[in-house]
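Here is a short briefing for a reader new to this structure. Please look over the sequence and the model before reading on.

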Amino acid sequence: MSETLRLGDELIPDHQHCINLAQPFTQALERSEDCFYSMVLCGKYLRSVLGRSGLREWSNFAKWSVEGAFEYIRKTEFPDLPSRLHCNYFYDSLPCCKLLFDYDWGEASPEEQAAIHLFEVDLQDEHPLRLDMRLYDEAYDAMSERQDVQTVLDCARRYFAGEHSADPVWELLSELPAKAVRDLTAYLKDE
């Protein structure tokens with residue numbers, strides 16, 4: 001699913017250049033958990049300040065700190081696995097895509113929903129990494145609600161170890177080339 005991808009396009013990892021929002025959190029963890037926690041609190045403060053100004057979109061401290069923590073765990077404990085920050089994400093079933101569309105854009109305006117397209121892709125990776133997105137969501141909730149760094153790090157370890165929740169949502173990660181070959185957007189609109 002994408003707002004910007006078009007039929008025939010090659011997918012580009014980190015096409016929105018979001019790595020720069022997560023990388024400082026990874027660097028903070030490389031120093032210490034206290035340094036990381038300080039960054040989290042600064043991010044939380046910045047989100048509040050920007051929220052008062054109506055500029056909150058890119059200040060999601062929970063998302064970027066969790067991405068940074070996941071990258072730290074991947075780099076230090078699972079260095080042979082691809083980085084979430086340098087991958088494209090795919091889903092292997094239409095029902096999963098519909099579930100995620102409803103979750104992410106179910107409350108969005110009709111105009112915002114219309115901007116989202118679903119594509120079948122030709123992925124040049126026969127064995128993409130298959131991981132449970134719900135473990136990432138668990139980490140996100142722990143950070144957003146409680147700034148619980150230990151739970152975030154534990155979820156990252158479980159995620160990259162290939163563990164899964166009771167009701168997994170499998171996301172496929174790959175750094176290899178992929179191309180949008182078929183528009184399936186109509187499936188998202190079916191009730």
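Does D9 count as buried, partly exposed or exposed? D9 has a relative accessibility of 30%, so it counts as partly exposed, between the 20% and 50% cut-offs. The model is predicted.

**Helix α3 against α1**
- Helix α1 covers residues 19-31, and helix α3 covers residues 61-77.
- The axes of α1 and α3 lie 7 Å apart, at an angle of about 55°.
- That angle makes α1 oblique to α3.
- The crossing of α1 past α3 is right-handed.
- On the α1 side, the contact is made by L21, A22, F25, T26, L29 and E30.
- On the α3 side, F61, W64, S65, E67, G68, A69, E71, Y72 and K75 take part.
- By class, this contact of α1 with α3 has eight nonpolar, three polar and four charged residues.

**Helix α3 against α6**
- Helix α6 spans residues 133-146.
- It packs with α3 at an angle of about 125°, and the two axes are 9 Å apart.
- That makes α3 oblique to α6.
- Here too there is a right-handed crossing, with α3 passing α6.
- From α3, the residues in contact are F61, A62, K63, S65, V66, E67 and F70.
- From α6, they are L135, Y136, A139, Y140, M143 and S144.
- The contact of α3 with α6 divides into nine nonpolar, two polar and two charged residues.

**Helix α3 against α7**
- Helix α7 runs over residues 149-160.
- Its axis and that of α3 come within 9 Å and cross at roughly 55°.
- α3 and α7 are therefore oblique to each other.
- α3 passes α7 in a crossing that is right-handed.
- α3 contributes V66, A69, F70, I73, R74 and E77 to the contact.
- α7 contributes V152, L153, C155, A156, R157, Y159 and F160.
- The contact of α3 with α7 has 10 nonpolar residues, three charged ones and no polar ones.

**Y72, within α3**
- Y72 sits in helix α3.
- With 21% relative accessibility, Y72 counts as partly exposed.
- Setting aside neighbours within four places in sequence, Y72 is in contact with T26, L29 and E30.
- Y72 and V49 are 23 residues apart along the chain, and their C-alpha atoms are separated by 27 Å.

- S83 lies in the loop between α3 and β1, a strand at residues 88-90.
- Its relative accessibility is 2%, so S83 counts as buried.
- Apart from neighbours within four places in sequence, S83 is in contact with E71, R74 and E175.

**D9, before α1**
- D9 is placed in the segment before α1.
- Not counting residues up to four places away in sequence, D9 touches T4, A178, K179 and A180.
- The side chain of D9 reaches the backbone nitrogen of R6 at 2.9 Å.
- D9 and V121 are 112 residues apart along the chain, yet their C-alpha atoms are separated by 9.6 Å.

Key. Residues numbered from 1 in each chain as written. Predicted model: local features only at pLDDT ≥ 70, side-chain atom pairs only at ≥ 80, totals over all residues. Heavy atoms only, no water. Axes fitted to C-alpha atoms, helices over the stretch in contact; angles between N-to-C directions. Helix = DSSP H or I, 4+ residues; strand = E, 2+ residues; numbered from the N terminus. Parallel < 35°, antiparallel > 145°, perpendicular 65-115°, else oblique. Left-handed = near helix turned anticlockwise from the far one by under 90°. Contact = heavy atoms within 4.5 Å. Nonpolar A, V, L, I, M, F, W, Y, C, P; charged D, E, K, R; others polar. Buried < 20%, exposed > 50% of the residue type's maximum accessible area, 1.4 Å probe, protein only. Polar contact = N/O pair within 3.5 Å; in protein donor to acceptor, adjacent residues only side chain to side chain.
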